Amino acid sequence: IDKQINIAAVHLSINSLRERYIDFSVPFMDAGLLVVAKGETHNHADKFFFLSPFSNEVWYSVIVSFVLVTISLCVANKVSPYGKYGAKMFALMSCTCRKCKLERSLSLGKCRNHRKMPRP
């Protein structure tokens, strides 16, 4: 712009707007990289051949992790006041009518007068 720079090297795509302000040289190299590899030819008689990239221990640890995460999410849903079960319990415990207080003290029953959550 001030005619003080002789050369600059930058990865910049050329478009018509940039060509108005910048004098681009002819690109000397195209960075389109390709890799060609010969694939293995197997007769895939085994239905679970897609499991072969990892060892059995890795698959077992994936399954165990999945089960543990599922159980922990179910427990969190039961305990949290934002989960389905927790919201019902929170609504039951927060009702202040005399009948609900009495039922809670006796049997922790459901309030029939003030239903905060719909029944499933």
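Predicted model: local features only at pLDDT ≥ 70, side-chain atom pairs only at ≥ 80, totals over all residues.
**Whole chain.** Start with everything shown and colour by secondary structure. The protein has four helices and zero strands. Follow the chain along its sequence and the pattern reads α-α-α-α.

**Surface.** The area comes to about 11900 Å², and carbon and sulfur atoms hold 62% of that. Now colour by relative accessibility. The protein has 120 residues, of which 10% count as buried.

**Contacts.** Take the contacts with a separation of 6 or more: residues 24 or more positions apart account for 15% of them.

**Helix 2.** Select residues 56-79, which form helix 2. Pick out I71, found in this helix. Is I71 buried, partly exposed or exposed? I71 is partly exposed, because its relative accessible area is 48% and that class lies between 20% and 50%.

**Cysteines.** Select C74 and C97 in turn. C74 has a relative accessible area of 47%, so C74 is partly exposed. C97 has 15% relative accessibility, so C97 counts as buried; the cut-off for buried is under 20%. How many disulfides does a search of the whole structure find? The search finds zero. A disulfide would be a covalent bond between the sulfur atoms of two cysteines.

Technical notes:
Residues numbered from 1 in each chain as written. Heavy atoms only, no water. Helix = DSSP H or I, 4+ residues; strand = E, 2+ residues; numbered from the N terminus. Buried < 20%, exposed > 50% of the residue type's maximum accessible area, 1.4 Å probe, protein only. Contact = heavy atoms within 4.5 Å. Areas by Shrake-Rupley, 256 points an atom, 1.4 Å probe, with all protein chains shown as cover. Disulfide = S-S within 2.5 Å.
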